[in-house]
Amino acid sequence: MSNNINHVSFIMDGNNRWSQKNRTSKLNSYSKGAENLIKLANFIFQNTEIKIISAFALSSKNLKRPKKTLDMIIKVLDKFLEKSLKEDQYTFSYKFKGDLNFLGKSIKNKIKNIENRTKNNSKLLIILINYSGQNDLIKSFIKTNKQHLTINKANIQKNLQVSEEPDILIRTGGFQRISDFFLFNISFTEFFFIKKLWPDFNSKDFLNILYKYQKIERKFGI
């Protein structure tokens, strides 16, 4: 079904526009976006052989948004963590990547808690918050240099926050750009840009992308 796909990435764009389109609050739209990620993750992990999902939830540039908006996003994250921690059973692991220092101690403790509770599951959902692909690459070079390692692909890649290379990257919301997401990891990633706003993106849309992907002859430059 997954045609040997191991890793799929999402740039989850369109929550703000969804709130305007549906005349609802941003709190409601971002909450629906968070719920949609978990719904899709469950569907993908249960119905395909995909082992890793990475989701770009908040870029470093997004921290320049008004404080009211950031407070609302943090509230959604806190609510999301609270709900996740009440689950009786977990079918996949959680990992949160990015610079989490802007978050309060309580939320960071909840993140550690959910990561520890789910660490033994084979399927992995990586949620990237306050993440910058450029900063990640710069820090990887610095780490590699401090470790007195040769500057090569393997060493740079292992020092990235996320070392796995996505087979597919899906961006919702209509824009055709990467917006400082993964940079080093996407040399041979297949891109799919979808006009649908993130809260409306569903399992049928994902299966349509898988169908298109299966028809691509991937030569990896050969």
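## Strands around E2

Strand E2 is joined to E4 by 7 bridges, and the two run parallel; strands pair here if DSSP finds at least two bridges between them. Helices (H or I, at least four residues) and strands (E, at least two) are DSSP runs, numbered from the N terminus. Because 7 of its 8 residues are buried, E2 is largely enclosed by the rest of the structure; buried means under 20% relative accessible area, exposed over 50%, and partly exposed in between (1.4 Å probe, protein chains only).

A word on the model: it is predicted, so local features need pLDDT of at least 70 and side-chain atom pairs count only at pLDDT 80 or more, while totals for chains, interfaces and linings use all residues. Residues are numbered from 1 along each chain as its sequence is written, and side-chain values use heavy atoms, with hydrogens and water left out.

Helix H3 (residues 67-85) has 19 residues and reaches 27 Å from its first C-alpha to its last, close to the expected 27 Å. The expected span is 1.5 Å times one less than the number of residues. Its buried residues include Leu 70, Ile 73, Leu 77 and Phe 80. The buried residues of H3 pack against helix H2 (26-47), strand E2 (52-59), strand E3 (93-97), helix H4 (105-118) and strand E4 (124-131).

For H2, the 22 residues should span 32 Å, and the end C-alpha atoms are 31 Å apart, which agrees. Among the buried residues of H2 are Tyr 30, Gly 33, Leu 37 and Phe 45.

Leaving aside neighbours within four places in sequence, Ser 140 is in contact (heavy atoms within 4.5 Å) with Asn 155, Ile 156, Asn 159 and Leu 160.

## Pockets and a cavity

Rolling a probe the size of a water molecule over the atoms shows where empty space is left. On a 1 Å grid over the protein atoms alone, a cavity is a set of points where a 1.4 Å probe fits but cannot get out, and a pocket is an open set with protein on both sides within 12 Å along at least five of seven lines; lining residues have an atom within 4 Å of a point. Grid points are joined across faces, edges and corners, and a volume is the space filled by probe spheres set on the points.

The largest pocket has a volume of about 720 Å³. Of its 33 lining residues, Met 12, Tyr 30, Phe 56, Ala 57 and Leu 58 lie nearest its centre. H3 gives the most to this lining, with 5 residues. The second largest pocket has a volume of about 350 Å³. Among its 16 lining residues, the closest to its centre are Ile 38, Phe 80, Lys 83, Ser 84 and Glu 87. H2 and H3 are the elements that give two or more residues to that lining.

The search also finds 1 cavity of 30 Å³ or more. About 40 Å³ of space lies in the largest cavity, and its lining includes Tyr 131, Asp 136, Leu 160 and Phe 184. H5 gives the most to the lining of the largest cavity, with 3 residues.
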